[in-house]
Amino acid sequence: MMNDLNAGLMQDFRLTIPTLLEHAATNHCNTEVVARLQDGSIFRYTYADLADRSRQAANALCNLGVSYGDVVGTLAWNHHWHMECFYAISGIGAVCHTVNPRLFEEQIVYIINHARDSVLIVDQDFVGLVERIVDQIPLVNKFIILGSRGCVEEPRGLGDVLYYDDLIATESTAIEWPEFDECSASGLCYTSGTTGNPKGVLYSHRSTILHSMAIAQPDNLSLSALDCVLPAAPLYHAQSWGLPYAACMVGSKFVLPGRHLDGKHLLELIRAEGVTTGCGVPTIWTMALEHAEKNGLDLGQLQRLLIGGTALPTNIRDRLREKGVSAVQIWGMTETSPLGTIGRANREVAAFTAEQKDTQLLKQGRLPWGVEMKIVLEDGSRAPRDGKSAGDIWVKGPWIARGYLHGDGGDVLDAEGFFPTGDVGHIDQYGYMKITDRSKDVIKSGGEWISSIDIEDVATNHPAISMAAVVATFHEKWDERPLLFVTLTEGKTVEKQDILDYLDGKIVKWWMPDDVIFIDAMPMTATGKIRKLNLREKYWNHLSA
Ligand code: ADP
């Protein structure tokens, strides 16, 4: 028989999410998934159990009439229930819309309506929130509370609510997962909308599988069956960086911290469960570290922390290193699933001196296969890879968004198919990208850019400074100048001049902030980042006032 040489003779095995679950259930059936529940107690089962309950939940959703293309919202912490929902919802071809409960209520209402959620799955902790907004989300026709009847007081105004554990109890643990195109939508996550309304990023089965394969690689998050992974990034924040999928793919033990993200609880889990790998924003790990340092505790079997969301502070890296743990920086965004770059050595960097290597790996990192990047200068040309020509960062790849839900934001890709990240940075000759700012936070003084991120990193190394933010303020001669905002470490005091003296010699001379402003607390976004826009607006005329 003649073959058509244009078509490969490999199987059409669809890259869909149920394949991950079934793989883990069959090949890592006894590996544990652990969760800390609302009351602080520990729940523990295996991938085989996770798969059984996910299939039961999928059957229950089908019986409720949920089908291909429907959107099911979740308002929940990181625990086994939420992970089961990920697999059950996407598995039947519906879209798992993880709603960020920390957004303002108006934003939560907006995104539930905008996404057209028809079913809302609710954590026991968020029943009150849903009671408050129920009149404003008319498209939701079913509420499912995670637990069994009696786990919370009977909610008011939600109609006939269902209880997840009761609902799935009578369902079969067997299912014939429906077949659909691997490009079908699987998950929906809104950006936090620091400017304007949040926008929906719609992941597909294919993008999810390819992203999982990528993050598991040794040069990326380096996940294996021997690892024990603790995702401290919430499941509603870029799907906890894709870890619920990658964990099933490699069969690592998975430890979900629930709502207990304080230092004491995190550390307890890390030590008791033998966590080797954690992921999350720096503030989370600072709390765990502080608890360990204060109580003279080690970090158990922890080997590495993947840190992203904001730049990796030098002092966290150093303090972790003292405890034998390496901090690996990852850069990305909701729109990039989120893996964009990762701060790991390549051959050239591995041969650097220890000091050079440290400086190099504080950059946001190099590109994995699957992410292409270009830096575009103000005149529209591409920047050379010289480690200093900074411009707008654009990316392209199979797990990078090509647009937002319902066409929000218009056509975002450029003619070459690249997505604008809104970050500004440069790439060096070794292929390492360094972010100097987000485009909306850029400080332009006398036509030159000042990196707020670099100044913040140095400032937070000062023992009296707990958090630092550098924002632009108006200046008659230089257009803009940097202002440094700080919050102090508990029990410490420091004078403005001491801070400026401390910065002297550690940052470029003309980057020296024109003023230091002490504030009690930083304005924060729902994803735990400093809301610089507030400071910028409030203090724009600070120098001329
Ligand atoms: P938002 O903060 O708007 O909700 P994301 O949570 O998706 O959006 O965050 C993406 C942004 O976070 C990136 O565009 C970048 O500005 C910032 N970011 C993420 N990782 C890093 C990092 N390692 N260093 C510096 N900035 C980072």
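Axes here are lines fitted to C-alpha atoms, for helices over the stretch in contact, and angles run from 0 to 180 degrees between N-to-C directions. The model is predicted, so local features need pLDDT of at least 70 and side-chain atom pairs count only at pLDDT 80 or more, while totals for chains, interfaces and linings use all residues. Residues are numbered from 1 along each chain as its sequence is written, and side-chain values use heavy atoms, with hydrogens and water left out.

**View 1. Helix α1 packs against α2.**
Helices (H or I, at least four residues) and strands (E, at least two) are DSSP runs, numbered from the N terminus. Let us start with α1, which spans residues 18-27 and packs on α2 at an angle of about 140°, the axes being 7 Å apart. That makes α1 oblique to α2; angles under 35 degrees count as roughly parallel, over 145 as roughly antiparallel, 65 to 115 as roughly perpendicular and the rest as oblique. The crossing is left-handed, meaning that the near helix is turned anticlockwise from the far one by less than a right angle, whereas clockwise would be right-handed. In contact terms (heavy atoms within 4.5 Å), Leu21, Glu22, Ala24 and Ala25 of α1 meet Tyr47, Ala48, Leu50, Ala51, Ser54 and Arg55 of α2. These residues divide into 7 nonpolar, 1 polar and 2 charged. For the classes, Ala, Val, Leu, Ile, Met, Phe, Trp, Tyr, Cys and Pro count as nonpolar, Asp, Glu, Lys and Arg as charged, and the others, Gly among them, as polar.

**View 2. Helix α2 crosses α3.**
Follow α2 (residues 47-63) to α3 (residues 80-91): their axes come within 8 Å and cross at roughly 60°. That makes α2 oblique to α3, and the crossing is right-handed. On the α2 side you will find Tyr47, Leu50, Arg53, Ser54, Ala57, Ala58 and Leu61, which meet His80, Trp81, Met83, Glu84, Tyr87, Ala88 and Ile89 of α3. By class, this contact has 10 nonpolar, 2 polar and 2 charged residues.

**View 3. Helices α11 and α12 meet.**
Here the axes of α11 (residues 282-294) and α12 (residues 314-322) come within 11 Å and cross at roughly 40°. The two helices are therefore oblique to each other, with a left-handed crossing. Pro282, Thr286, Leu289, Glu290 and Glu293 of α11 make the contact with Ile316, Arg319 and Leu320 of α12. The contact has 4 nonpolar, 1 polar and 3 charged residues.

**View 4. A cis peptide bond sits between Ser337 and Pro338.**
The bond from Ser337 to Pro338 is cis, with omega near 15°. Pro338 is found in the loop between β14 (326-331) and β15 (341-342), and Ser337 lies in the loop between β14 and β15 too. Look also at the backbone of Ser337: its phi is positive, about 75°, although Ser337 is not a glycine.

**View 5. Residues surround the ligand.**
The ligand has 16 residues around it, the closest being Ser192, His237, Thr334, Asp423 and Lys529; a residue is near a molecule if one of its heavy atoms lies within 4 Å of it. Polar contacts (pairs of N or O atoms within 3.5 Å) can be picked out here. An N or O atom in the His237 side chain is 2.8 Å from an oxygen atom of the ligand, and a polar side-chain atom of Lys529 lies 2.7 Å from a ligand oxygen atom. For Gln364, a side-chain N or O atom is 2.9 Å from a nitrogen atom of the ligand.

Note on methods:
Polar contact = N/O pair within 3.5 Å; in protein donor to acceptor, adjacent residues only side chain to side chain.
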